[in-house]
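Please open the model in your viewer and keep a selection panel at hand. The tour below goes from one selection to the next and says what is found at each stop.

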Amino acid sequence: MNERLPYLREKTALLTTSPGVYRMRDKTGHIIYIGKAKNLRNRVTSYFCKSPDHTPKVAKMVSNVYDYDFIVTDSEYEALVLECSLIKQHKPKYNILLKDDKGYSYIKISEGDYPRITSELQKNGGGKFIGPYTSSFVATQTAAEVNKVFMLPTCRKVFPRDFGKGRPCLNYHIKQCMGVCTGKIPRDEYAQIIAQAEDYIKSGSEASVEKLTEKMNEAAEELDFERAARLRDRISAIKRAADSQKIINEDMKKDTDIIAAAQNGGEACVAILMYRGGRLCDRSEIPAGEPDDTGAMIQEFMELYYSVPERIPREIITEEEIPDPEMMTRMLRERCGRAVDIYSRKRGRGLELITMAKENASESLALKVGRTGREIVALEELAKLLGLEAPPLYIEAYDISNLASSSMVAGMVVFENGRPNKKAYKRFSIKEVAVQNDYASMHEVLERRFKHYKDDAETDEGFKRLPDLILLDGGKGQVGAVEPILREMGINVPLFGMVKDNKHRTRAIATGGGEIAINENKAAFMLVTRIQDEVHRYSITYQRSKHRKQSFALEITKIKGIGEKKAAKLLGAFKTRDELKKASPEEIAKAAGVNAELAREVWEFIKCEM
């Protein structure tokens, strides 16, 4: 029995549901098992659940786990590629024990005049085998990708036996198969394509593109434009496939580290992704203590982490420019005795890698602060987008809802640490605005809200807390209507509007003087959209409820002897229709202050109408 299981279960409960790789470690810190997962939380949870159904080998591995860490990836495929790379480097004890020869997979190039490329679990039959691969998924995905890139047949036809028998299939018409079944692809040309596909599997995309480009130019010089066009399409397909994953990055000619930071409340973390030989080989995080400027935190991390000369790579890419790059570059060069380059990336391939590093920093921090990585990233993105000094941990959002000039109300929702705090929600009935006017209504609501804040006698904790950010459902007009009252009351809280497009979807953030585009900041966009949808739902639900009450109150006044005041007393005593329907005539008489006969008449009316 592993005494660390309660700790491991508690840690795993906060783990991300993203794909990635996990590394189990023993008491000495050595990696004893490396695995991959489409959903990290689900997979890791299966090891530490209270009623496990493990094989003896897995049970033995779990009994030796002291702790684990993980690397988040963008896809399951990237996780699998990374798993293979890490297993080759570390050769963990239990990976060897848990995966014998029967567990490996291969890519097979069959025999014959028109060979096929498939993934196989074992070396059965003739042909050429590439591998082994530690995961059947890697082999299957690689074979599928190669068949697609090189437009190879995947049907059950046998060539050359089935040449000309029947029409080409759909894959041919959508240009995912070269159409060998038509009999128009010579055997020697097909053999060359298979050789190119094999080279692509073994050497990667860059080498394949170089060789195919040479052949394309040769075909063009020989005026064989049809063949040159096929090679051109193949080169484009290879480049598209290479751009879809970030575990293997052949653009990195030098050993490179990618560094990003994440922060939440009073905690911060810096993460580093290490590429060696064009492959992601490791990851590390260091708590950064109190949150600070991102560039400053990264520089402090670098000073600590690169104190060991052997750790220093040729290139370092940072999320933000560090305060003193020249000094840091000089120091690192002196430590390792060779050239080191430091720079930040704001776009392109480098930005994708920075984003991946930031996700890892966020997920590591999430385990500590009890938030998800996405929530941390969203609040950081929103802070940068709006120019805030720190992530807004406590956000209030407001929306006005009305039906013409009746049932005018407002809703206030609160998002704390990126999640709804429904206990802090507030509802307002518009009292001072007689006709429909959203600007005036919003002005009234914010004035009333912050009068509560300034009232020393106020006991509601929700009203006594000052938010880090205020969001209004609307554009710059709403912001302009509210800004003066906040200034007048001395409320120094950032104020912005949430703008929708003509399909009622979040489009931008409004300021007093214009708009800020938000759709390119995915995490922040999703958070603001969620806030806008929630405040709209909350306010319109209140408006509909109030309108139903008003309508029902008007209906009750049709009873002789029941006026507006008595109807209001009834609806005040019984908050919902269901409560009123369950009331007895005696309870109705007491609430409305009427005699038993009139109460019986009201009771019968309610039963009929409801």
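A cavity, on a 1 Å grid over the protein atoms alone, is a set of points where a 1.4 Å probe fits but cannot get out, and its lining residues have an atom within 4 Å of a point. This is a predicted model, in which local features need pLDDT of at least 70 and side-chain atom pairs count only at pLDDT 80 or more, while totals for chains, interfaces and linings use all residues. Residues are numbered from 1 along each chain as its sequence is written, and side-chain values use heavy atoms, with hydrogens and water left out.

Begin with the second largest cavity by selecting Pro-153, Cys-155, Phe-159, Cys-169, Tyr-172, Cys-177, Gly-179, Val-180 and Cys-181, which line it. The space inside is about 40 Å³, a volume being the space filled by probe spheres set on the points, with grid points joined across faces, edges and corners. Its lining has eight nonpolar residues, one polar and no charged ones, where Ala, Val, Leu, Ile, Met, Phe, Trp, Tyr, Cys and Pro count as nonpolar, Asp, Glu, Lys and Arg as charged, and the others, Gly among them, as polar.

Next, select Glu-189, Gln-192, Ile-193, Gln-196, Arg-227, Arg-230, Leu-231 and Arg-234, the lining of the largest cavity, whose volume is about 50 Å³. Helix 8 (187-203) and helix 10 (225-243) are the elements that give two or more residues to this lining; helices (H or I, at least four residues) and strands (E, at least two) are DSSP runs, numbered from the N terminus. By class, the lining of the largest cavity has two nonpolar, two polar and four charged residues.

Now move to strand 17 (residues 495-500), where five of the six residues are buried, that is, under 20% relative accessible area with a 1.4 Å probe and protein chains only, whereas exposed means over 50%. Strand 16 (residues 469-473) runs parallel to strand 17 and is joined to it by four bridges; two strands pair if DSSP finds at least two bridges between them. Select Leu-471 together with Phe-496, its bridge partner in strand 17. Strand 17 and strand 18 form a hairpin with five residues between them, and His-504 in the turn has a positive phi of about 65 degrees.

Methods:
On a 1 Å grid over the protein atoms alone, a cavity is a set of points where a 1.4 Å probe fits but cannot get out, and a pocket is an open set with protein on both sides within 12 Å along at least five of seven lines; lining residues have an atom within 4 Å of a point.
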